[in-house]
Amino acid sequence: MMRAALALARRSLGRTWPNPAVGCVIVREGRVVGRGRTQDGGRPHAEVDALRQAGDLAKDATVYVTLEPCSHHGRSPPCADALIAAGVARVVSALEDPNPQVNGQGHARLRAAGIAVEVGEGAAEAAEINAGFVLRVREGRPLIHLKLATSLDGRVATASGESQWITGPEARAWGHRMRATHEAILVGANTVAQDDPELTCRLPGLARYSPVRVLLDSRARLGPTSKLATTARAHPVWLICTPAAPVARREALQALGVEIIEVGADPTGRVDVTAAVRALGARGIMRLMIEGGGKVTAAFLKAGEVDRLSIFRGGLALGGDSRSAVGPLGLERLGFAPRFTLVSTRVLGGDTLETWTRGP
């Protein structure tokens, strides 16, 4: 039953911010009487969604939920109180909520009402699903997921800049599905200048789940006729710049619907990526996907701001005169290199997808 609740939580990834993605299953006498997940936009919460389905059958039932029921009044009443009012007999939670407004208080409230509480079933998978939520609560930043589509030798374009397409349709479709599970997608100004991307999710039925489009553009050079600027009112575009960005450029982009976020600069005058991710965390972003280019990728790796790495690898070689996926890192010793651990490998048509996590 907890596996079913975890599957429901995964369905909500990228859709619930600033609330976590939670799944809930209610069981009575061996029969599922209610299923729920945190709905798009964060309300209703998973427990309330499942209780509505269960109705009177929730009395004396067991509730499986992937995160501790909330105990505070936010935009909706506490889920712990809703479970108490429904008369459930037992709650099985995968994780304690790290939010200081909850942090065990939900479980304590349930126990005080005479409800049996168990914590820890499915904890590892629940922690993986809500890693972005946990990072935002504890460190003030989202989970940062770097996505690359490269040749066998780690290149992203020929010397002339041709890059469509290094990987095939199956890999590209998978990448678009990944976009739909993140609240925001980030690229650099050079990528926009060269490719003029839309950065939306272009799969049937998933367009409305396209992430917020984030651009690192230290001097706000985004062209007013670019796809990002001309579609900013239809789907959010956040441009992160430094204090050096001219006021006139900012105002012109704001008039088109682009939100301007100013942060400090790094020693090279570019946007400080650590400050940028904290600014995104402050706006509720829990899962951020980076899609390039090479300078941006290198900046995040150098800053130690990459938690997960997905490499779509096409079956071709482009050679040393082509463009690298990662810009210069300035490493003098192997010991200084960012390191990742391989988690999985998947075949997608004629390509492969490697998934890595931070650390040895």
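Visitor: What makes β15 and β16 a hairpin, and which residue in the turn has a positive phi?

Guide: Two residues lie between β15 and β16 in this hairpin, and G349 in the turn has a positive phi of about 65°. The model is predicted, so local features need pLDDT of at least 70 and side-chain atom pairs count only at pLDDT 80 or more, whereas totals for chains, interfaces and linings use all residues. Residues are numbered from 1 along each chain as its sequence is written, and side-chain values use heavy atoms, with hydrogens and water left out.

Visitor: What is called a helix or a strand here, and how many of each are in the protein chain?

Guide: Both are DSSP runs numbered from the N terminus: helices are H or I with at least four residues, and strands are E with at least two. The protein chain has 12 helices and 16 strands.

Visitor: Why is the radius of gyration of the protein chain said to agree with that of a compact globule?

Guide: The radius is taken over C-alpha atoms, and the globule rule is 2.2 Å times the number of residues to the power 0.38. For 360 residues the rule gives a value near 21 Å; the protein chain has 22 Å, and therefore the two agree. The C-alpha trace spans about 65 × 45 × 40 Å along its principal axes.

Visitor: Why is L199 called buried, and what is its phi?

Guide: Buried means under 20% relative accessible area, exposed means over 50%, and partly exposed lies in between, with a 1.4 Å probe and protein chains only. L199 has 4% relative accessibility and therefore counts as buried. The phi of L199 is positive, about 60°, although L199 is not a glycine. L199 is found in the loop between α8 (189-195) and β9 (212-216).

Visitor: What of E29: buried or exposed?

Guide: E29 has a relative accessible area of 77%, so E29 is exposed. E29, although not a glycine, has a positive phi of about 55°, and its place is the loop between β1 and β2. For the protein chain as a whole, 50% of the 360 residues count as buried.

Visitor: Why does H45 count as buried, and which residues is H45 in contact with?

Guide: H45 counts as buried because its relative accessibility is 17%. Contact means heavy atoms within 4.5 Å. Leaving aside neighbours within four places in sequence, H45 is in contact with N19, R37, T38, C70, S76 and C79. H45 is found in the loop between β2 and α2. P44 is in that loop, between β2 (31-37) and α2 (46-54), and a cis peptide bond with omega of about -10° joins R43 and P44.

Visitor: Where is the peptide bond from W17 to P18, and what is its omega?

Guide: The bond from W17 to P18 is cis, with omega near 10°. P18 is in the loop between α1 (2-11) and β1 (23-28).

Visitor: Why is G281 called buried, and what does G281 touch?

Guide: The relative accessibility of G281 is 7%, so G281 counts as buried. G281 is found in helix α11 (residues 273-282). Not counting residues up to four places away in sequence, G281 touches R136, G140, R141 and P142. G281 and F133 are 148 residues apart in sequence, yet 9.5 Å apart in space, C-alpha to C-alpha.

Visitor: Which residues of α6 are buried, and what do they pack against?

Guide: In α6 (residues 131-139), A131, G132, F133, V134, L135 and R136 are buried. The buried residues of α6 pack against α5 (123-129), β6, α11 and β13. G140 follows α6 with a positive phi near 75°.

Visitor: Which elements do the buried residues of α7 pack against?

Guide: The buried residues of α7 (residues 169-179) are A171, A173, G175, H176, M178 and R179. They pack against β6 (143-150), β8 (184-188), β12 (287-290), β13 (308-313), β15 and β16. Across the protein chain, 70% of contacts between residues at least 6 apart in sequence join residues at least 24 apart.

Methods:
Pairing = 2+ DSSP bridges.
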